[in-house]
Amino acid sequence: MGETTLSTDTSFNKELEPGVISNEMLTKAILEQGHKGEAGRLAQLNQLHLETVTVIRLEFQNILKIDHLWVMKNLEVLSLSFNKIDKIENLSRLPKLKELNLSFNFIEKMENLEKLENLRILSLYGNRITSVENVDKLERLVILSVGRNNINTLDGLERLRFLKDLRSLNLAENPIAQDQDKPLRLYLATLLPHLKYYEYVLIRPAERDAGKDKFQRELIDILEHERIEIIERTKAAKERDDEIRLSKSFVEHLNGHQLFESLFQGDPEGAALLSIGAEAVDLKNDYRNEAYSFTQNIYKMGLEQQEKRQAEIELYSRCIRDERKKAQLQGQTIIKNFLESYKSLYKLAKDIVGALKGRDLNSKAYNAETEKLLDELNLCKSGFNSLFEDTWHTLMGFEMQLFERTEEGNSTFENTIKEMTNEFIEMAQGQFVLLREAEINFSDALVDTVQQFVTFKAASGQADQLPDALKESLDDKDVISNMAAGMRDQHMQQIDAREDKLITRSRNWVKELCDDLQNSEIKRNRAKVLEITYFLDQHRQSFMSALDEVANKLEV
């Protein structure tokens, strides 16, 4: 009795062991949730790559912590419901995530979600959350469910006004939903004009009007507080959009004075030399204008060259699509001819097998009619084998030709895009050379100006009016030159760093683009080979099954 109880308890405890997200757990879940039957068999023929998976559900796994999901960088749908997770974390490296389900866990705070910029659906139903917070950056969110939690304050709900795509919200079974003096449905109807459904029920115009009458004062306060933030958000959004647009041309932060201004940030030597006043400031302004002309040239060249590269990419993409379309039409013709011949051979085989039914096929001697039918069946089978082999070789031949042409095209395209990118790099480098020369000229002119200033002050008995950082130059003439050299070195390092960034990102972009083209073609080719093989194998199995009744009695 005791042993039986102990055995049962051990088994029970084992089932309650904490789950840890690992490659093993992820792989097992993917295989269990993936394609079934023949499609699943074909999928498993290829090596499983976690980074290609877009959907996974890890439910009822006793998971305590969100971790190790960074290996699935292309994940779009993730469900971790019905676990024991108490904190939202380690999701920032899933930028493509569109749907996140963390329902029925032990989560107490909405946090660490701001990086999920593509999130459309978020469910935190059945947790221990006390307030709605930290979701106002999820500007693409459409559905938010935070029902059956411990939310006891309206504070934070006004931040949902920044989610212009939010259409469905659920806050049912929270303490704030029980306040009869402040009907939550009416409050949200007026607070969130873009919201269409609350608790999955359509919000009607009459409810919005009633909400406006009841919560007019609260709404006025909210509008006043958010006015400034809306302006700031609009400005920040424009800056982000500009940065993204310009980063594709590798010239972000070069469309204004950003690079020049960065040279003098954290530059004590430069600040000391410029402290003499108007003459030094005039030199800096002249340098600023000159540097702007060079960065503007790089900026304009970047945009122009990016347009040329994009046009080349679109042209090549059209060529690839045309080649694939041509190969597809050829394949469809071959398949059509195969199916027509197959149907005739299959019908003939079925007719012959039907005619052989009831005949004694175990006898060593057949009558003439049986002998004739068996000969016809052999010819039918030989005809199918020839049809199968010819079709397979033809389809594989077309596919191999397409693959080889694409590989050759990819190589030519890579050379072309490299030449275009190198042309841009060389032109940009020319402007960076001019920028360095301007830095040297500015530095030399500043040294002369500061030395004259110090000499004048010393000669006129005003040495005590010198900035503290320059007083040492009265005893050591090299102080000013050394300060200028330190300033120049720092500026040169930043100019070099920006040039290196442009060159590195340009060349990395070319490599990534060409690698993606190659990998995409290899993946397409492998899928097509599997498709052809599967298609023909299925028809061969079907044909051979028609001969089973005869084959069981003799070897045809």
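# Exercises on pockets, helices and strands

The lining of the second largest pocket holds five nonpolar, one polar and 13 charged residues. (Nonpolar covers Ala, Val, Leu, Ile, Met, Phe, Trp, Tyr, Cys and Pro; charged covers Asp, Glu, Lys and Arg; the others, Gly among them, are polar.) The model is predicted, so local features need pLDDT of at least 70 and side-chain atom pairs pLDDT 80 or more, while totals for chains, interfaces and linings use all residues. Residues are numbered from 1 along each chain as its sequence is written, and side-chain values use heavy atoms, without hydrogens and water.

**Exercise 1. Which residues of helix H2 are buried, and what do they pack against?**

Step 1. Locate the helix. H2 spans residues 23–33. (Helices, H or I with at least four residues, and strands, E with at least two, are DSSP runs numbered from the N terminus.)

Step 2. Find the buried residues. They are Met 25, Leu 26, Ala 29 and Ile 30. (Buried means under 20% relative accessible area, exposed over 50%, partly exposed in between, with a 1.4 Å probe and protein chains only.) They sit on the same side of H2, because they cover an arc of only 130° around the axis. (The arc is that of the directions from the helix axis to the C-beta atoms.)

Step 3. The face away from the buried side of H2 carries the exposed residues Glu 24 and Lys 28.

Step 4. Name the partner. The buried residues of H2 pack against strand S1 (55–57). (Contact means heavy atoms within 4.5 Å.)

**Exercise 2. Repeat the analysis for helix H5.**

Step 1. H5 runs over residues 205–214, and Glu 207, Arg 208 and Gly 211 are buried there. These residues cover an arc of only 100°, so they lie on the same side of H5.

Step 2. Pro 205, Ala 206 and Asp 213 are exposed on the other side of H5.

Step 3. The cover over the buried residues of H5 includes helix H4 (184–191), S8 and H6.

**Exercise 3. What is the strand order of the sheet, and which strands are its edges?**

Step 1. The sheet is open, has eight strands and runs S1-S2-S3-S4-S5-S6-S7-S8, with mixed pairing. (Two strands pair if DSSP finds at least two bridges between them.)

Step 2. S1 and strand S8 (201–202) are the edge strands, since each pairs on one side only.

Step 3. Look at one pair. Strand S2 (residues 77–79) and strand S3 (residues 99–101) pair in the parallel sense over three bridges. Val 77 stands opposite Glu 99 in S3.

**Exercise 4. Are Glu 199 and Phe 250 buried, partly exposed or exposed?**

Step 1. Glu 199 lies in the loop between strand S7 (197–198) and S8. Its phi is near 55°, positive in a residue other than glycine. Its relative accessible area is 34%, so Glu 199 is partly exposed.

Step 2. Phe 250 lies in the loop between helix H6 (216–247) and helix H7 (258–263). Its phi is also positive, about 70°, although Phe 250 is not a glycine. At 2% relative accessibility, Phe 250 is buried.

**Exercise 5. Is Arg 524 buried or exposed, and what is Arg 526?**

Step 1. Arg 526 is in helix H11 (residues 478–546). Arg 524 is in helix H11 too.

Step 2. Arg 524 has 18% relative accessibility, so it counts as buried. Arg 526 has 53% relative accessible area, so it is exposed.

Step 3. Check the contacts. Beyond its neighbours within four places in sequence, Arg 524 touches Arg 324, Glu 399, Leu 402 and Phe 403.
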